[in-house]
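Here is a short report on one protein model and its ligand. Look at the structure first, then read on.

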Amino acid sequence: MRTEQPKMIYLKDYQAPEYLIDETHLTFELFDDHSLVHAQLVMRRNPERGAGLPPLVLDGQLLELLSVKLADVDLAPGDYQLTPDSLTIQPESATFTLDTSVKIHPETNTALEGLYKSSGMFCTQCEAEGFRKITYYLDRPDVMSTFTTTVIANKQAFPILLSNGNLIDLGPEGDDRHWATWEDPFKKPAYLFALVAGDLWCVEDTFVTMSQRKVTLRIFVEPENIDKCQHAMDSLKKSMRWDEEVYGREYDLDIFMIVAVNDFNMGAMENKGLNIFNSSAVLARAETATDAAHQRVEAIVAHEYFHNWSGNRVTCRDWFQLSLKEGFTVFRDSGFSADMNSATVKRIQDVAYLRTHQFAEDAGPMAHAVRPDSFIEISNFYTLTVYEKGSEVVGMIHTLLGAEGFRKGSDLYFERHDGQAVTCDDFVKAMEDANGVDLTQFKRWYSQAGTPRLAVTESYDASAKTYSLTFRQSAPTTPGQPGEAKKPFVIPVSLGLLDKQGNEIPLRLQGETAASGHSRVISVTEAEQTFTFVDVAEQPLPSLLRGFSAPVKLSFPYNRDQLMFLMQHDSDGFNRWDAGQQLSVQVLQELIAQHQKGEPLVLDQRLMTALGTVLADESLDQAMVAEMLSLPGEAYLIEISEVADVDAIHAAREFARKQLANGLSDALWKRYQTNRELSKTTAYVAESEHFARRALQNIALSYLMLTKRQDVLAAAIDQFDTADNMTERLTALAVLVNSPFEDEKAKALAVFAENFKDNALVMDQWFSVQAGSTLPGGLDRVKALMQHSAFTLKNPNKVRALIGAFAGQNLINFHAADGSGYRFLADLVIELNGFNPQIASRQLAPLTRWRKYDSARQALMKAELERIRASGELSPDVYEVVSKSLAD
Ligand code: B3K
Ligand code: ZN
């Protein structure tokens with residue numbers, strides 16, 4: 001950790017590197033109490049930067065320099081300069097080799113960045129700037145090199161030695177050590193480097209590519225997890241095929257490896273040919289992983305695999321361009337998941353997540369553009385904005401160009417930039433050039449932060465049979481970007497018009513000669529713009545922003561009857577769901593207001609009727625029914641409030657859930673029993689129809705438990721005791737944990753912990769279910785769980801499972817009026833800051849949203865941020881988030 005104030009880095013200051021590295025030859029000698037890294041770099045002056053030989057400044061942190069050789073000549077300490085972050089040398093010719101040897105300490109690396117140890121194995125995480133903790137290097141993505149890596153370690157403890165590319169050779173070294181040499185022929189930036197040494201088993205398979213090349217696929221795990229790899233392997237093969245079919249992209253090396261590690265700061269990492277994964281994103285089998293976990297594994301395996309083209313073959317010029325690879329790759333993995341499962345349900349889940357969490361980020365102190373202009377610590381910018389909003393931006397290009405035009409653009413992008421480090425502008429340019437379009441205005445999505453608002457009004461002229469929609473767009477003020485200074489976005493609005501019977505009206509805009517379809521995309525490009533449709537025989541009802549065609553906050557003055565009508569008749573599945581959400585929001589906001597005025601709560605029965613109709617319709621996709629039955633979450637209700645009243649929101653939502661449970665209990669019970677019976681009589685399959693069936697079964701159970709019926713309690717206990725899969729068992733546990741049945745709850749928790757005490761990932765679920773329980777006393781339960789022998793702050797999954805779930809999902813307890821939740825979180829952030837800054841900074845997010853709450857809570861939250869700021873030596877990660885959160 002540095003003591004001086006961390007510096008802000010600006011995109012406008014970007015300069016190409018002074019020197020390039022053509023070849024990187026690394027030798028790692030791994031020992032128990034230290035490791036040695038020898039690097040030989042074949043370098044040259046970057047011709048782009050002109051003549052002359054400026055000093056060569058290599059990045060390096062926490063390295064003990066043992067020796068430096070320039071062009072084969074040993075340098076003495078006076079021949080170079082060392083700082084805590086750099087090694088500076090004066091080259092004497094335009095091409096040269098540089099040899100360094102350093103000593104590092106992976107065995108005490110708790111930040112999980114660079115080379116570190118997890119459950120006894122060595123592994124790496126280099127993105128974004130971790131390679132500089134391994135050796136002195138030009139640790140920036142626009143320096144691309146081939147890599148040869150030799151790893152030497154004890155043979156018994158580390159029988160498996162891996163790095164990027166192909167295995168070239170291996171052999172013994174002395175009595176008890178051995179070595180392996182790997183060569184990666186593709187030039188890559190250092191952030192894609194990986195090394196693994198451990199006692200691992202693997203499952204192996206093969207994939208034949210579209211040009212008939214055979215690729216070996218291996219998934220390495222600790223021996224006890226060898227039975228939990230099949231789902232990831234299946235997902236990998238599906239991803240490889242899908243990328244060939246949908247994007248024409250073929251895998252390039254002869255081998256593709258995935259390694260699962262237990263201590264990992266995020267989900268997974270796309271290192272060339274050697275992906276390293278959080279074990280939670282690889283391991284899945286029916287008995288230990290839920291349906292959601294299976295879907296997450298499938299999506300993350302796909303995401304990392306897709307990076308081989310969108311990220312590795314074509315990489316980022318600098319870290320401001322992070323969304324170039326992340327937004328595009330999220331877009332690609334969403335398309336894959338949509339094709340593997342229900343596309344509408346996937347879209348609903350993505351949008352619900354975006355609207356709840358990304359919109360909140362975009363409205364908070366860390367709001368930034370998809371391509372940020374500045375940062376202090378790049379690790380803080382692996383955000384929902386860069387990933388999810390970035391994916392929406394790519395999705396809008398797809399909507400504007402159509403699938404074929406988009407594919408032409410992506411083909412051109414990959415061809416034109418293969419082997420290069422490029423920018424978001426290069427991506428858009430390829431899309432423009434391949435389609436002959438101008439996306440200049442569209443590019444504002446990359447530079448202007450904040451969620452645009454789009455207010456829509458209508459007018460119908462019965463005599464002229466014209467129907468006009470007027471769109472007014474505006475953008476909020478975000479840090480460093482006043483709202484008034486923001487220019488209009490290009491907002492693609494997919495829409496349709498419904499007649500009184502619910503049929504779609506053919507759409508013809510004024511000036512057009514013929515109608516073109518029943519659903520179409522119009523582009524709103526001005527601050528205020530009116531579109532007039534002709535030949536509209538009756539006042540229609542508009543269905544707007546179908547499929548959520550742009551990441552905006554759209555408003556249209558629908559009344560509740562109109563929303564019910566759209567729920568039933570809209571031909572767009574996403575908008576049917578969204579109409580239900582809007583209806584629920586209106587009803588919940590009414591209840592919130594009643595609670596605030598101290599009035600008795602009265603639920604608008606139209607919501608009951610609407611959800612009853614959905615529940616009774618057996619022709620609907622069951623996953624869709626489950627989504628429609630899910631009321632908007634408390635976090636979303638907070639996000640859309642001016643000033644969020646946490647108590648009223650919780651009370652209103654719980655009241656509505658209970659009313660719905662009682663009012664719909666017969667229908668819920670019927671669907672629960674039918675599906676539970678199927679679960680009992682059919683073997684578990686991780687496929688979308690089965691996911692759908694269990695999703696409906698489980699949401700029905702969670703409603704039914706609110707009725708406190710004894711037969712429901714018995715059913716929950718039976719499901720807990722006899723289920724053959726974690727999806728049913730964990731839901732049963734969760735409903736018991738949230739119930740007033742204390743004995744049954746205690747018993748289930750004890751049985752579960754006993755059965756799964758040896759499975760860390762299942763214990764994470766056990767922690768999460770309890771951390772999320774909104775019953776009173778949440779903080780005390782969490783504090784008690786922190787003392788459990790399976791808990792440790794050193795493991796990021798545990799922190800997320802307990803602390804993250806409490807602060808992020810248990811809002812009524814976290815926001816306790818006495819500030820105890822805030823104090824607890826701040827204490828933990830201070831502690832985490834000392835050994836894992838990335839995790840500390842992530843856990844801080846809930847406190848940064850202080851502006852959303854009442855003045856008493858605001859003061860309490862700010863006081864905790866101040867306390868963190870004053871707590872001593874802050875990592876750049878935590879410093880950046882705290883200081884931006886407290887800035888005016
Ligand atoms: N690219 C990595 C994220 C690295 C985060 C570094 N702090 C995972 C992914 O998005 O695929
Ligand atoms: Zn990614």
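How far does a polar side-chain atom of Glu127 lie from a nitrogen atom of ligand 1? The distance is 2.6 Å. That is a polar contact, meaning a pair of N or O atoms within 3.5 Å; within protein, one must be able to donate a hydrogen and the other to accept it, and residues adjacent in sequence count only if both atoms are side-chain atoms.

A word on the basis. This is a predicted model, where local features need pLDDT of at least 70, side-chain atom pairs count only at pLDDT 80 or more, and totals for chains, interfaces and linings use all residues. Residues are numbered from 1 along each chain as its sequence is written, chains are lettered from A and ligands numbered from 1 in the order in which they are written, and side-chain values use heavy atoms, without hydrogens and water.

**Around the ligand**

| Residue | Distance to a nitrogen atom of ligand 1 |
|---|---|
| Glu127 | 2.6 Å |
| Glu270 | 2.8 Å |
| Lys325 | 3.4 Å |

The protein covers 95% of the 340 Å² of accessible area that ligand 1 has on its own. That area comes from the Shrake-Rupley method with a 1.4 Å probe. There are 13 residues around ligand 1, each with a heavy atom within 4 Å of it. Glu127, Ala268, Glu270, Glu304 and Tyr387 come nearest. By class, the shell has five nonpolar, three polar and five charged residues. Here Ala, Val, Leu, Ile, Met, Phe, Trp, Tyr, Cys and Pro count as nonpolar, Asp, Glu, Lys and Arg as charged, and the others, Gly among them, as polar.

Strand S20 (268-269), helix H2 (291-306) and helix H3 each supply at least two residues of this shell. Helices (H or I, at least four residues) and strands (E, at least two) are DSSP runs, numbered from the N terminus.

**Two packed helices**

H3 (residues 322-340) packs against H5 (residues 384-417) at about 80°, with axes 8 Å apart. H3 and H5 are therefore roughly perpendicular, a label for angles of 65 to 115 degrees. Their contact (heavy atoms within 4.5 Å) includes Phe328 and Phe331 of H3 and Tyr387 and His398 of H5. It has 11 nonpolar, eight polar and two charged residues.

**Backbone details**

Most peptide bonds are trans. A cis peptide bond joins Glu127 and Ala128, with omega about 0°. Ala128 lies in the loop between strands S11 (121-125) and S12 (145-154).

Methods: Axes fitted to C-alpha atoms, helices over the stretch in contact; angles between N-to-C directions. Parallel < 35°, antiparallel > 145°, perpendicular 65-115°, else oblique.
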